[in-house]
Amino acid sequence: MGSTASNRPKPGTLGRAQRKGGWLPPRSGAGHTPLLGASRSTLARYGFCYLMLALPALLFIVFRIIPIAQTLRLSVLNWDLISATKPFVGLDNFRALLQDPNFLLALSNTTTFAAVTVTASVLLALLVALPLARRVRWEGLYQLCYFLPFVAPTVPEAVAWKWICDTRNGLLNYLLSLVGVRPVPWLIEPRATLWAVMIMSVWKTLGYNMVLFIVGLRAIPAEYTEAGLIDGAAGWRLFRHITLPLLMPTVLLITVISTISAYNVFTQVYVLASDIQGSPAGLARVLIYDIFENAFRFYRMGYASAEATIFFVIVLCLTLVQFRVLRSQTE
């Protein structure tokens, strides 16, 4: 009886020793050094993590949030970089934009450009990725050939495409002549120039979208494909009912990225269409070029900021719509 009573825990130590119905071994030593050391190490780890997160967050605020806020502020001012006074004009800049033929033309061209390039680049990248996802021979070389235009600088590529699209001596018109098509004035007629920019943009972004599709296709478990083959699905039926639904998250990612990139097109237009931007006919004008011209050529910073605000709202709304539509198909 005495030994049994001596082995019982003291009433004051019952709550400290018992955890969730179990018994913990007694702590060594009279002080709280192990617990205090663990707390310090935990705080140090959390402090390091928050510090590493604070640096990118600070850069994001400085280079993203603050410029967006400044753009919204300038959009309601008559800011021209010359006058000492910057009067508040409210929504006058936005009203003027809706009546500006250059802005409406730029919006129409950019929307057409985005619709064509996003659709073409997504479909072509998927067609190229389907055979390469099966680990064919020389797949690394094929991926390099497709991906190299994406990582190469855009300006040299646009200069090269300017020679390719030359009306008399260009490679593109030569290839068209082989099938009986007459030479097209790619860099002279505004609509043809816009199509030349589309062709170059699809060529440049094809490799990046292809790599994302290859990753998405290889991430699909083989059990689903095997089950579909056992049930008699093959070819288009297998792709339509098994592969494509499982690939929808990748399709959503590529579509959103491609749409944002398409609406931000500038370099290709600036290099390829530089010779016709001042022509009295319809210009191969896009939104970013129009913002650039109003801001840094005519010094209408308030007007350009209003245009950038509308551009931001359009891209944001398109992204939200794509997330809603494609994510509903994914689920």
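# Close-up views of a predicted model

**View 1. Asn 294 and Glu 307 meet through their side chains.** A polar contact of 3.0 Å joins the side chain of Asn 294 to the side chain of Glu 307. (A polar contact is a pair of N or O atoms within 3.5 Å; within protein, one must be able to donate a hydrogen and the other to accept it, and residues adjacent in sequence count only if both atoms are side-chain atoms.) The model is predicted: local features need pLDDT of at least 70, side-chain atom pairs count only at pLDDT 80 or more, and totals for chains, interfaces and linings use all residues. Residues are numbered from 1 along each chain as its sequence is written, and side-chain values use heavy atoms, with hydrogens and water left out.

Asn 294 sits in helix H13, residues 287–296. (Helices, H or I with at least four residues, and strands, E with at least two, are DSSP runs numbered from the N terminus.) Asn 294 counts as buried because its relative accessible area is 5%. (Buried means under 20% relative accessible area, exposed over 50%, and partly exposed in between, with a 1.4 Å probe and protein chains only.) Leaving out residues up to four places away in sequence, Asn 294 touches Tyr 299, Arg 300, Tyr 303, Ala 304 and Glu 307. (Contact means heavy atoms within 4.5 Å.)

**View 2. Tyr 299 occupies the loop between H13 and H14.** Tyr 299 is not a glycine, yet its phi is positive, at about 60°. Its relative accessible area is 39%, so Tyr 299 is partly exposed. Tyr 299 is also one of the residues touched by Asn 294.

**View 3. Salt bridges link Arg 285, Asp 290, Glu 293 and Arg 297 in a network.** (A salt bridge is a side-chain nitrogen of Lys or Arg within 4 Å of a carboxyl oxygen of Asp or Glu.) Arg 285 pairs with Asp 290, with the closest N and O atoms 2.7 Å apart. Both of these residues are buried. Arg 285 also pairs with Glu 293, at 2.6 Å from N to O. Glu 293 is buried, as is Arg 285. The whole structure holds five salt bridges.

**View 4. Asp 92 and Arg 95 form a salt bridge.** The N to O distance between their side chains is 2.7 Å. The two residues are about one helical turn apart, because they lie three residues apart in helix H4. Asp 92 has 41% relative accessibility, so it counts as partly exposed.

**View 5. The largest nonpolar core has 62 residues.** (A nonpolar core is a set of buried Ala, Val, Leu, Ile, Met, Phe, Trp, Tyr and Cys residues joined through side-chain atoms within 4.5 Å.) Cys 165, Trp 186, Met 210, Phe 213 and Phe 311 have the most contacts inside this core. At least two core residues come from each of H4 (92–98), H5 (101–132), H7 (154–164), H9 (190–218), H11 (236–263), H12 (267–272), H13 and H14 (301–330). H9 gives the largest share, 12 residues. Beyond its neighbours within four places in sequence, Met 210 is in contact with Ala 125, Val 128, Ala 129, Leu 132, Gln 143 and Tyr 146.

**View 6. Tyr 146 takes part in a nonpolar surface patch.** The patch covers about 850 Å². Its members are Val 136, Trp 138, Leu 141, Tyr 142, Leu 144, Tyr 146, Leu 148, Phe 150 and Val 151. (Patches are made of residues with over 30% relative accessible area and no salt bridge: like charges are joined within 9 Å, nonpolar side chains of Val, Leu, Ile, Met, Phe, Trp and Tyr within 5 Å.) Tyr 146 lies in helix H6, residues 139–151. Its relative accessibility is 32%, so Tyr 146 counts as partly exposed.

**View 7. Leu 244 belongs to helix H11.** Leu 244 is partly exposed, because its relative accessible area is 22%. Leu 217 is 27 residues away along the chain, and the two C-alpha atoms are separated by 9.2 Å.

View 8. Of its 331 residues, 33% are buried. Among contacts with a separation of 6 or more, 67% join residues 24 or more positions apart. The accessible surface comes to about 21,100 Å², and 68% of it belongs to carbon and sulfur atoms. (Accessible areas come from the Shrake-Rupley method with a 1.4 Å probe; for residues, only the protein chains shown count as cover.)
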